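Below are a few exercises to work through, each with a solution to check yourself against.

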Amino acid sequence: MATYVIVGAGLAGAKAAQTLREEGFDGEVVLIGAENERPYERPPLSKEYLQGTSERNDIFVHAPEWYTDNGVDLRLGTPVTQIDLGHHLVRLGDGSRQPYDKLLIATGAVPRRLPGPAYYLRTVGDSEALRRRFAEGGSVLVVGASWIGLETAAAARAAGCAVTVVEPEPTALNRALGPELGALFARLHASKGVDLRFGIAAAEITEDGVRLSSGERLSADLVVAGIGAAPEVGLARNAGLDVGQGIRTDASLRTSHPDVYAAGDVAEFLHPVYGRHIRVEHWANALHGGPVAARSMLGQEVVHDRLPYFFTDQYELGMEFSGDIEGHDEIVYRGDPESLEFIVYWLRDGRVVAGMNVNTWDVVDGIQELIRSGAQVDVKELSSG
């Protein structure tokens, strides 16, 4: 009987295990996670769960009994320390060994860290700790105007905290959305009373705040760092797998070893639409990548061709984003951005490469069809609808 091992008990790993069973795999499925929590979804941790508007049970991928009922050997609090490709086994932190016939690496990413006493937001425990601190009031200093940073700032303001955001880029979300759209998010936060400091870096986190690169010191009751995440590629690199910005895979999520696959935040996969390797750190990539990897492990002809997609909720703004803005040369709006109810398209050579709908719903499929088509568009028609 074959044994399929999944290293990483997050959304991608849990969905892969589910898909293996749904597709009729009757061998052994071992799902190994370093955390003590069963697999859960991360978006609520910086949104509704952080704000206390959802329950703890709402974040989990499956009910506790699902794993036993479906014959999935779930091992929590069990870090994997080594992948031995030659012997087809993984070594665990407790000294034991787990053989495999096929292996899926879904180890995700970890927050980039700064020296000093800061809070981070990656795990359910992180979210719960921040929620407790926000409830105490006081001042919060967020390092990084990233998605996580801004969602954390919004949650802290909703709890009544005074909030300052420090960001070395010229505006919020500058790399993710570009300066025009990033400035819109900055204005939104400023209108809610957030003190935004752009173009300056945090040089040091201290016991009572942050020392900026300018030498200025900002005091705060707590500091939250949201400066991005790094893929957990150590196991793969040490095993000799091909690693670039993440674990390199083909479009079917197979790595440089024929019996090893990667999915979720850690995978840098060949995207059929873009014709290049990309790494996506968002929920939808894990949700859909896990099942693709499982079917690929079963020998099915599949490709992971979903467009990058993510969403955010900050104050009264809700939005969905599809695509990749890299190399864009034009931005087209449908609606007035200042109304916070509009669609924006990023174009390259007259073709839509990305789109974002803000407080405008049920349009994602149409936006993604435009991106996939690769067709030249009429800008006037695009802006008028």
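This is a predicted model: local features need pLDDT of at least 70, side-chain atom pairs count only at pLDDT 80 or more; totals for chains, interfaces and linings use all residues.

**Exercise 1. Find the places of Leu-173 and Asp-349, and decide whether each is buried or exposed.**

Step 1: start with the backbone. Phi of Leu-173 is near 50°, a positive value in a residue that isn't glycine. Asp-349 is also a non-glycine residue with positive phi, near 55°.

Step 2: Leu-173 sits in the loop that runs between strand 10 (162-167) and helix 5 (174-177). For Asp-349, look in the loop between strand 24 (342-348) and strand 25 (351-358).

Step 3: check accessibility. Leu-173 has 5% relative accessibility, so it counts as buried, the cut-off being under 20%. Asp-349 comes out at 52%, so it counts as exposed, since exposed means over 50%.

**Exercise 2. Work out what Asp-208 touches and which residue its side chain joins through a polar contact.**

Step 1: find the loop. Asp-208 lies between strand 12 (202-206) and strand 13 (209-212). Its relative accessibility is 49%, so Asp-208 counts as partly exposed.

Step 2: look past the sequence neighbours. Leaving out residues up to four places away, Asp-208 touches Leu-218, Ser-219 and Ala-220. Asp-221 is 13 residues from Asp-208 in sequence, and their C-alpha atoms are 6.4 Å apart.

Step 3: go to the side chain. A polar contact of 2.9 Å links the side chain of Asp-208 to that of Thr-206.

**Exercise 3. Describe the surroundings of Leu-114.**

Step 1: the loop here is the one between strand 8 (109-111) and helix 3 (124-135). With 22% relative accessibility, Leu-114 counts as partly exposed.

Step 2: list the contacts. Beyond four places in sequence, Leu-114 touches Tyr-120, Val-143, Ile-205, Ala-225 and Ile-227.

Step 3: take Ile-227 from that list. Leu-114 and Ile-227 are 113 residues apart along the chain, yet 8.7 Å separates their C-alpha atoms.

**Exercise 4. How many cavities of 30 Å³ or more does the structure hold, and what lines the largest cavity?**

Step 1: count. There is 1 cavity of 30 Å³ or more, and the largest cavity holds about 60 Å³ of space.

Step 2: The lining is made of Phe-269, Val-280, Ala-284, Asn-285, His-288, His-304, Arg-306, Leu-307, Pro-308 and Tyr-309. Helix 8 contributes the most, 3 residues.

Step 3: sort by class. The lining has 6 nonpolar, 3 polar and 1 charged residues.

**Exercise 5. Which elements give two or more residues to the lining of the second largest pocket?**

Step 1: get the volume, about 160 Å³ for the second largest pocket.

Step 2: name the lining. Helix 8 (283-297) and helix 9 (364-373) are the elements giving two or more residues, and helix 8 has the largest share with 4.

**Exercise 6. Which residues does UniProt list for the domain "Reductase C-terminal", and what is the span made of?**

Step 1: the UniProt record, an unreviewed entry, lists residues 309-382.

Step 2: that span is 19% helix and 45% strand, and its end C-alpha atoms lie 21 Å apart.

Definitions and conventions. Residues are numbered from 1 along each chain as its sequence is written. Side-chain values use heavy atoms; hydrogens and water are left out. Buried means under 20% relative accessible area, exposed over 50%, partly exposed in between (1.4 Å probe, protein chains only). On a 1 Å grid over the protein atoms alone, a cavity is a set of points where a 1.4 Å probe fits but cannot get out, and a pocket is an open set with protein on both sides within 12 Å along at least five of seven lines; lining residues have an atom within 4 Å of a point. Grid points are joined across faces, edges and corners, and a volume is the space filled by probe spheres set on the points. UniProt positions are given in the numbering used here, feature names are shortened, and annotations may be inferred rather than shown by experiment. Contact means heavy atoms within 4.5 Å. A polar contact is a pair of N or O atoms within 3.5 Å; within protein, one must be able to donate a hydrogen and the other to accept it, and residues adjacent in sequence count only if both atoms are side-chain atoms. Ala, Val, Leu, Ile, Met, Phe, Trp, Tyr, Cys and Pro count as nonpolar, Asp, Glu, Lys and Arg as charged, and the others, Gly among them, as polar.
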